[in-house]
Amino acid sequence: MGFLLGIPMNIIEVLVVTLSWSLIIYLMYYFYQKQEVKPKIWKVCIALLGGFFTLDFNFPILNTLIKMPILPLGVWMLYWYASSREGAWDKYRRFAWLGFSANFIFIAAIILSIFLHSAAYPKSNISTYIAHYEEAVIIQLHPSAAEVVFDKESFDLLLPSFEEEQLDAVDWYNDMLFLESHERVELFPYYLSGTTPKWGSGLLIMIYVEKDGKGVLIDSVDKQRYFRSHESLLKGGNNE
């Protein structure tokens, strides 16, 4: 989640996590009301948060690392502490187990947010990544890059024509590994700056433009995607 200024916010993740916490707080309130002997609120909160402490098994789902709790360490510690105090375990065990169960609520929330995010922000559409480009500029990254500028008027027309394609990266990587820098022809010598993805997507990306101006490489945290059009989005150099 991006709560910090300047960091894109994943609005779907924010909503799902907020709903998850709302459910947990409601269950805590429900259990509290069911207690005949009301425990102290601050102790209830500690028991709840203590239940979050677990030994986890980590595994990836859809490019996201999931922490599956397998041992309720926090519940055990609370039991050990409360067992020597008469009636303490009966008062707080529900809240400790609620904390442990909340881990599964958050796992379900994360998986749900992944599917909702994919539906709201389709990754196969370049407009998801380049939604606003009024201030876009081209930055030359390699000596072989020509003096070009971003052609906004052409890009307005070209945007619907961009389609995701498979990038033949073998030769590209081989050149990067085995050729000297002066022998190497940089496939993506330009960086497209000043663009923003769709609002609320929370996508952190870098955008590289192919030397002919027709291909765009979207570099995100989890994957690289290559889009190509039939015309160049650059103006100047040999692209006119």
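Start at E210: leaving aside neighbours within four places in sequence, its contacts (heavy atoms within 4.5 Å) are L187, F188, P189, Y190, G215, Y226, R228 and L234. One of these, Y190, sits 20 residues away along the chain, with its C-alpha atom 6.8 Å from that of E210. Before going on, a word on what you're looking at: this is a predicted model, where local features need pLDDT of at least 70, side-chain atom pairs count only at pLDDT 80 or more, and totals for chains, interfaces and linings use all residues. Residues are numbered from 1 along each chain as its sequence is written, and side-chain values use heavy atoms, with hydrogens and water left out.

So where is E210? It lies in the loop between β7 (205-209) and β8; strands here are DSSP runs of E with at least two residues, helices are runs of H or I with at least four, and both are numbered from the N terminus. E210 has a relative accessible area of 10%, so it counts as buried (under 20%, with exposed being over 50% and partly exposed in between, using a 1.4 Å probe and protein chains only).

Now look at R228. Its side chain meets that of E210 in a salt bridge, 2.9 Å from N to O, the rule being a side-chain nitrogen of Lys or Arg within 4 Å of a carboxyl oxygen of Asp or Glu. This pair links distant parts of the chain, with E210 in the loop and R228 in strand β9, 18 residues apart. R228 also forms a salt bridge with D212, at 2.6 Å. D212 belongs to the loop between β7 and β8 too, 16 residues from R228. Shared partners join E210, D212 and R228 into one network. At 21% relative accessible area, R228 is partly exposed, and D212 is partly exposed at 25%.

Strand β9 (residues 224-228) pairs antiparallel with β5 (residues 163-165) over three bridges, pairing requiring at least two DSSP bridges between strands. β9 also runs antiparallel to β8 (residues 215-220), joined by five bridges, and β8 and β9 form a hairpin with three residues between them. R228 is the bridge partner of E163 and also of G215.

Elsewhere, helix α6 (residues 152-158) holds both D156 and K152, four residues apart, about one turn of the helix. These two form a salt bridge with their closest N and O atoms 3.3 Å apart. The count of salt bridges comes to five.
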